[in-house]
Number of protein chains: 2
Amino acid sequence: MALKAQVLYDFTAEPGNNELTVKEGETVTITNQNIGGGWIEAQNSRGEVGLVPEDYIEFSKALPSFPGAGTSGPALSVGNVASPDLSFFDAYAPTSAPAQNQASNGNDPWSVWNTDPSGGSNNNWASNPEGTQTGKNAPDPWGSHGHPQAYQGPDIYPYPYLIDYTGAEDDEWDDDWDDMKSTGGYVESESGDSGAMQRGGAHATSMKISLNKFPGFSKSGPELYLLCKQFAKGKDKLPIYTGEVGPVWSYPESQLDCIVADPKKGSKMYGLKSYIEYQITPSNTNRPVNHRYKHFDWLYERLLDKFGSAIPIPSLPDKQVTGRFEEEFIKMRMERLQGWMTRMCRHPVVSSSEVFQLFLTYKDEKDWKMGKRKAEKDETVGVMIFSTIEPEAPDLDLIEVEQKCDQFSRFTKAMDDGVKEILTVGHEHWKRCTGPLPKEYQRIGKAFQNLSTVFTSSGYQGESTLTDALTAAGKTYEDIAQMVAEQPKKDLHFLMETNNEYKGLLGCFPDTIGVHKAAIDKVKEADKLVATSKIAPQDKVTMGKRASTMSYALQAEMNHFHSNRIYDYNRVMQLYLEEQVKFYETIAAKLRQAHSQFTTM
Amino acid sequence: MALKAQVLYDFTAEPGNNELTVKEGETVTITNQNIGGGWIEAQNSRGEVGLVPEDYIEFSKALPSFPGAGTSGPALSVGNVASPDLSFFDAYAPTSAPAQNQASNGNDPWSVWNTDPSGGSNNNWASNPEGTQTGKNAPDPWGSHGHPQAYQGPDIYPYPYLIDYTGAEDDEWDDDWDDMKSTGGYVESESGDSGAMQRGGAHATSMKISLNKFPGFSKSGPELYLLCKQFAKGKDKLPIYTGEVGPVWSYPESQLDCIVADPKKGSKMYGLKSYIEYQITPSNTNRPVNHRYKHFDWLYERLLDKFGSAIPIPSLPDKQVTGRFEEEFIKMRMERLQGWMTRMCRHPVVSSSEVFQLFLTYKDEKDWKMGKRKAEKDETVGVMIFSTIEPEAPDLDLIEVEQKCDQFSRFTKAMDDGVKEILTVGHEHWKRCTGPLPKEYQRIGKAFQNLSTVFTSSGYQGESTLTDALTAAGKTYEDIAQMVAEQPKKDLHFLMETNNEYKGLLGCFPDTIGVHKAAIDKVKEADKLVATSKIAPQDKVTMGKRASTMSYALQAEMNHFHSNRIYDYNRVMQLYLEEQVKFYETIAAKLRQAHSQFTTM
């Protein structure tokens, strides 16, 4: 039973969680393998005993949740079984290029197809008033932070919430994974790997990205859709209408909405591990359901698989955002989960999808589990989502398709820069408003009060009016100091959150647009393929039609993005300026009050 | 005619002033000794020719304006001729102790008699929220900057006005000194020395201080007054009445006031040297007179000689305060000269004095010169001023005299600390408001405008409302940036100036109070002196009476100080807060305007 094991990655225990801090390379003794939930109990050389994520430890028995790294071959074949032989294409190269390229190092994902003439896009990434900040605060969405589309907010936006790469999330390691593993498919390895990945940092991240996060890339290139002989029947179709602004999704009569609230702390494994459960109440049923973070995460993976090629699915708030206080952390994550759910509810395609409805309206545990199984078996994922899309308008020629694509690429790239600039400046401002500035007003206040105290000691009569006024003025500046320090939570916070959300959303466009770029490339190859009779002339026509369909989808999505963007920025700027006005008016009123106490007889 | 000379101190030429930059130790050739005004024309080894202050140069002929340093003996005897033999006192020791002590090194003048139990007064000097600033910004008034009471404002308060030790003042070096030298007396060496001193830095400063600046110390200790057999007749007397607040000077019906304005640049020596002339219009005659800075300086010296022992005479704004631009410098110095004149006008004793009236109301050049001669011959200077003071109230016993003195000493010391704290904090605030803060608002404004530009490129219709609003909001924050940067000139400036003025004024109290301390010590020696029949018993009674008179004078002066202080601080705080209110209200209004442009339909 004295089974020794090697530690693979550093892991820092979360206080009061029965965990054990271990260092990479350290040897530990396994004292209990049957904790479950991806944890094992181990003892270090100093005799300390505690829980360690099993993925962090390597011992003889190969855990199913820890496959050898770099097994792209086999992983690629997964789910690829049914797909036609498309090997005549200079296969995945172009398609998976972005993923490979971007994952391999911190390159600019936009650069792959960036047609923006304005110089090297890497410079563009760095375009930010204060050079100093850029490096740290405008990280490439492909940085090694786990999710390829990972919401980098906390990185550019430390304010109270920081990424903690060492602290693992409790509530994603419990035994539910086991029942999920039993469902087979690549979900299993994913759950484990994404965990290992987040903990271990960038270990084999590129693999994870290309294997698991983008079925659209990993299982196939767009050619799977472009040349698919026939689409599965009876799928619910996604019509695209022509509105004032151009192609638009079909929007429901009443917009779905939901409220994320009432986080409750639960515990399992005889209290060894704890988790948090949120109550979600959708506006359609108005009946609350409970979900843990890992359920949101599951939903995110499903939506990404199913819609990721056509619709940018923003990542969830980072698992490892942590507040200085647990309440703060819970409140913050709930706020961000609410933001994420609201955005998903607002999306006509996502919100009406079966899996999303399941998440919001499942009746009981059984209903939920069955729904999960079904969703995980869904075949219409990756590029095949386009097979369900039905534009009412006539086909577009390839030129137009390409122009649209480039235009959206340029815009999203430019907006990404703009948003990051606001985040950088906002972060600077946050630091100043919560740091030096209030300190200074406090010192001004103290200086007035100290002088008042001196005056009181003069022994001269008729002093009190001045000294009272001076003291009051001093206290006023102390009040102002406090107001200044608290203001950012009231206004800047929301400006930052909104821009963070958009930063995350914009980080998804490189993938979504990438699929189109790849499709366009395929269609361009068509002539050659016909000439060498690799495909029939009819196939070429089909490819053109389907590329047009993809373009309508992208345009509908862009129009959806624009209308939401206009609403969101109007809203947040109104809120920001409203609070700013209140802030300055309150200060003016306080000072006027202080002023009234001085008198020159 | 190829007279060689050695350069004694570094001198940096003022641009466009025909001056020659020379370094200490350098040898130059005198090309013209007859320039006058304390200047000679010299040629350096590189053949460059220009004007150099003659005091900077040492050549065979000993200039009357450059006596050997450290000749305290002979200098002491000057003006001492008529005084009785008081050698039986452990003579000047106690009296001149402060001066020596303080001048010798940067010691705390308060420390000499500081009865404040709250720890070493050197610590007190450093008592200032941000330790960092103290050292540089709260210099001891006895620092080596020429005037012992030198207004150190610019030192603690760099904002646009800095001390420039290299640039000499033009308008104090013209030939008027010559006619003054002809008047004999120690004025001659003073004019030259004080000049040399300011240029050469701290050379023999202590001597200058004890010899010239404090006749009260240098010519005699208070015993000169305490034991004077009989006072000069027919002097205009200075009555002290008993008011509500205690002993008070007699105040005139209508307070004298004057306006310093209309600075004009004149030039002399065939345009070689230029100077600035100010127009001063007193409220009593309402007839403007012109004066150059050196005339103010002359007045200051006269007032210091005559009243310095009883009344703190604040130094003039530092000669070498310089602005980044000449206009700014002239404006600033005029503003400070106005402040100084206003304070002098407000003082009942000073404003009614003959020399002050001469300065404000002389009819013509002849009138002025005659008045000058007379003033310089005035015998009632130093401690003898007390011989003209006539309190109406009964004599105070020594205990009471001592208590009052200690109380005032404690208060002025404490206020000095308080004022310096405000100056330090204010200076910090000034830097922030004119530096990082506006930059930040500018960046916020730019970020909004940049995002607006990106949005404009979306190609989505119905964009303009948002983009216009965003641009307007951006411009608003740019406006705010400018407002923030300009605000300190509108409010903080006056708060700083007032506190600087008080810092200068408070720097004079150690001397004024010191004279009293010395007098008290003398009276305490009286018994011993009677016992050893060095003095008659009657002399002891006289000494007590006169110490009482000195105490009344000090109390009257303190009450004058307090009433002015209460008025000044009420006034400046009103002004400061009024401007602050306007500032914040304007910002709020601008932001409300910006807010109104956003809309969530």
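Predicted model: local features only at pLDDT ≥ 70, side-chain atom pairs only at ≥ 80, totals over all residues.
The relation between the chains comes first. Chain A can be laid on chain B by a turn of 180° and a shift of 0.2 Å along the axis, and the RMSD is then 0.3 Å. The two copies are therefore related as by a two-fold rotation axis. Where they meet, both copies use the same surface: 100% of the contact residues of chain A recur in chain B.

Within chain A, one feature to find is an open sheet of 3 strands, in the order β8-β7-β13. In general, the strands of a sheet pair through backbone hydrogen bonds, and the pairing may be parallel or antiparallel. In this sheet of chain A the pairing is mixed. The edge strands are β8, residues 246-249, and β13, residues 389-391, and each of these pairs on one side only. From one strand to the next, the twist averages 30°.

The pairing of β7 with β8 can be followed in more detail. Across from A:Ile240 stands A:Trp249, which belongs to β8(A).

A helix goes with this sheet. Helix α21 of chain A, residues 537-595, lies across β7, β8 and β13 of chain A. The helix runs at about 80° to β8(A).

Chain B also has a helix α21, made of residues 537-595, and B:Thr549 is found in it. Is B:Thr549 buried or exposed? Its relative accessibility is 11%, so B:Thr549 counts as buried, since the limit for buried is under 20%. Apart from neighbours within four places in sequence, the residues in contact with B:Thr549 are B:Tyr225, B:Phe386, B:Ile389 and B:Pro391.

The cysteines remain. How many disulfides does the structure hold over all chains? The count is 0. A:Cys258 is in no disulfide, and the nearest cysteine sulfur, that of A:Cys345, is 3.9 Å away. A:Cys258 is buried, with a relative accessible area of 3%. A:Cys508 is in no disulfide either; for this residue the nearest cysteine sulfur is that of A:Cys405, 16 Å away. A:Cys508 also counts as buried, at 0% relative accessibility.

Conventions:
Residues numbered from 1 in each chain as written. Chains lettered and ligands numbered in written order. Heavy atoms only, no water. Disulfide = S-S within 2.5 Å. Buried < 20%, exposed > 50% of the residue type's maximum accessible area, 1.4 Å probe, protein only. Least-squares fit on C-alpha atoms with pLDDT ≥ 70 in both. Contact = heavy atoms within 4.5 Å. Pairing = 2+ DSSP bridges. Helix = DSSP H or I, 4+ residues; strand = E, 2+ residues; numbered from the N terminus. Axes fitted to C-alpha atoms, helices over the stretch in contact; angles between N-to-C directions.
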